Amino acid sequence: MSERTSYEPGVPSWVDLASPDPEASATFYGGLFGWEVQSAGPIEESGGYGMFTLRGKQVAGVGPIMQEGQPPAWSVYVATEDADAVAARVSEAGGNVLFGPTDVMDAGRLAVFAHPAGGTIGTWQAGNHTGAAIVNEPGALNWNELQTRDIEGAKAFYAAVFGWQPDDQEFGGMTYTMFNVGDVPVAGAMPTPSQVPDEVPAFWLSYFTVEDCDAAVAEVEELGGRAFGAPHSLEGVGRFAVVADPHGATFGVIAGEPPAE
């Protein structure tokens, strides 16, 4: 199902981009995915936040860098019925609540938090905005993956916060952890690749579906971004690559089904 009108608690429902130049980012992602941008509301209320749309439906968000030293990055938000309860569980499980919980106009209620093993992630209690209206088709979100040096710590943290149940599977000669809600995989985790500098903390990587991975990587580079190596193919997953936009925000592109399927 590619069109969504709701998300069960514990399912990632939204991603957004923090950019030093949202207009330039709109040009890049418009060229890559065919996205357009619509305002989320008056700037005095929205802070300049906008919605990336595909076929007129919201698929991701974009906003300006909000504080000095904040890197350009994609962020993941997990659906909840009670953002305050999630924030309380984060603190109990050893995480730090970085922002919120706070109401975002009438769109919903938001909190952002961090954990040494679990990286930085948000939770979203839907109001008028339920999340991405299209997923798992070209130009839309496909999968969210945690890269961490402490898989066991991440398993424990997310079990406590979202009730995610870990399921270790073998993919391409490595152990890959699925995070399940019930028996449905909703996100994944893998050890941080050895080529990632030691000072880089655990982080979430969002993948977007494309029709042709190699062509998408070439387009990323043509538009001023970069690729971290050549695309890879993995049986049961598809062909994928990790790339960055011109400001350095990292994301993935994949032609094929999400790893869960």
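1. Phe113 is buried, with a relative accessible area of 1%; buried means under 20% relative accessible area and exposed over 50%, with partly exposed in between (1.4 Å probe, protein chains only). Phe162 also counts as buried, at 12% relative accessibility.

2. This is a predicted model, in which local features need pLDDT of at least 70 and side-chain atom pairs count only at pLDDT 80 or more, while totals for chains, interfaces and linings use all residues. Residues are numbered from 1 along each chain as its sequence is written, and side-chain values use heavy atoms, without hydrogens and water.

3. The whole structure holds 27 aromatic pairs (rings of Phe, Tyr and Trp, the last by its six-membered ring, with centres within 6.5 Å; planes under 30 degrees apart are stacked, over 60 edge-to-face, the rest tilted). The ring centres of Phe113 and Phe162 lie 6.1 Å apart with planes at 45 degrees, so this pair is tilted. It links distant parts of the chain, 49 residues apart: Phe113 belongs to strand β7 (residues 108-115) and Phe162 to helix α4 (residues 151-162). Helices (H or I, at least four residues) and strands (E, at least two) are DSSP runs, numbered from the N terminus.

4. In helix α1, the buried residues are Ser25, Phe28, Tyr29, Leu32 and Phe33. They cover an arc of only 100 degrees around the axis, which puts them on the same side of α1; the arc is taken from the directions from the helix axis to the C-beta atoms. The face turned away from this buried side carries the exposed residues Glu23 and Thr27.

5. Phe28, Tyr29 and Phe33 are also among the members of one aromatic cluster, which includes Trp35 and Trp74.
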